[in-house]
Structures are given as structure tokens and as C-alpha cells.
Amino acid sequence: MTKRCTWCGTDPLYVAYHDSEWGVPTLDDASLFEMLVLEGAQAGLAWITVLRKREGYRELFDGFDASRIARYTDRKLDKLLLDPRIIRNRLKVYGTRQNARAFLAVQDETGSFSNYIWSFVEHTPIQNNWRSRRAVPATTAVSDRISKDLKKRGFTFVGSTIIYAHMQATGMVNDHTTDCFRHRECQRIAAGNATPS
């Protein structure tokens, strides 16, 4: 029987996400922005709730195209707030436009968001060896630093807990427990993808 991290349970959507995405180093700017939006949308909710609405977000937010989202009008955002395919929280929806604008500013300054955010871990995924989910922290000194810098740059919904979840999701840190089959797999993937393009 395949051993997995206990948090993903048995929901097929959750299991698929755990088995194919969580903990895999993500270097693509568009994917990093998508996860930043989704992790922010999750605040106060269960991650499975966000996963179930992910396709709705992709459709309604132009495939997470930051340059398009940055130009959304208030009228457009208000219309999105009426659509049940996303989490209809005004601060989160309006925050997506704010974050798109801040994201583009980071790209302009550093060349890519990937290069910027991965620099906090020296472009190398952190490999942890937690034996149980209870041992995994909610924040770290690194997530604190990233959160502080993102807030200074005008991002919203980027508290340290959200940022650490983003780091886990995008493979900046491997937090699969040691008994999970993906722990070693993500180590191997990271060994071949240590430097963002």
C-alpha cells in the first residue's frame, strides 16, 4: 500500500495534487503567481476548498495572466464577486489585482519573480526530514523574511503562514514526511532542478 502524507486523505483531487504537484520545484513565473493567488484565497479555509475551485479561478482570472489581471477594473472585480466558481471574498478578489501589479513590478526589477523568490533559499530546495505531520512548522525564519519583503512591495494576503504554504506547494521546501513515497521522489526531482531559469 502506498504511504502518503496524512493531510491529503483519500479525496481523489487532493491525492492527485499531493502525488503530482506538492513539493515539486516550480520555476515558472505564471505557476508561481497562480499558487500565490490560490494560497491567499485559502486563508481561513481548507485547501481542498480551493482545489475544487481552481478551474473556476483559471477561467475567470484569464489563466492567472498577471498582466491582464493588473488591468482589471473595479467593475470587472465586482462582477467576479458574483461568481460562485471562486471564493467570493471582496478583499481576496481585489487583492488579486493588487498582487498582480506588485508581481509585475518584481518582474520588472529582478527579471523574473522566480529568480526573486528562489533567491531566498539560494535557488536550492530545502530538504526536510519530518517523521510526522505534527513536526512540520507553520512558518519559518525564511517565510518570515519573504512575507516581510512581499508586504513591503505592496503584496497582500502574504502572511508568513501563507508564504510557507506557498514554499511547500512550489517545492522551495520538501515537507513530505519521510514515510511518504513522494519524499524521496521530490528529493530526486530537486536534485535535477536546483537552479531556476
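Is Leu13 buried, exposed or partly exposed? Let's find out in this predicted model.

## Leu13 in helix H1

Leu13 is partly exposed, because its relative accessible area is 38%, between the 20% limit for buried and the 50% limit for exposed. You can find Leu13 in helix H1, which covers residues 12-20.

Which residues does Leu13 touch, once neighbours within four places in sequence are set aside? They are Ile48, Leu51 and Arg52. Trp118 sits 105 residues away from Leu13 along the chain, and the C-alpha atoms of the two are 28 Å apart.

## Helix H6 from end to end

Now follow helix H6, residues 90-110. With 21 residues at 1.5 Å a residue, H6 should span 30 Å, and the 30 Å between its end C-alpha atoms agrees with that.

At the start of H6, Asn89 brings a side-chain oxygen to within 3.0 Å of the backbone nitrogen of Leu91. Just after H6, Gly111 has a positive phi of about 100 degrees.

## The buried residues of H6

Several residues of H6 are buried, among them Lys92, Tyr94, Arg97, Phe103 and Val106. The buried residues of this helix pack against helices H2 (29-42), H4 (66-69), H5 (74-80) and H7 (113-118).

Why does Asn99 count as buried? Its relative accessibility is 6%, and the cut-off for buried is under 20%. Leaving out residues up to four places away in sequence, Asn99 touches Phe33, Gly154, Phe155 and Thr156.

How values were computed. Residues numbered from 1 in each chain as written. Predicted model: local features only at pLDDT ≥ 70, side-chain atom pairs only at ≥ 80, totals over all residues. Heavy atoms only, no water. Helix = DSSP H or I, 4+ residues; strand = E, 2+ residues; numbered from the N terminus. Expected span 1.5 Å × (residues − 1). Buried < 20%, exposed > 50% of the residue type's maximum accessible area, 1.4 Å probe, protein only. Contact = heavy atoms within 4.5 Å. Polar contact = N/O pair within 3.5 Å; in protein donor to acceptor, adjacent residues only side chain to side chain.
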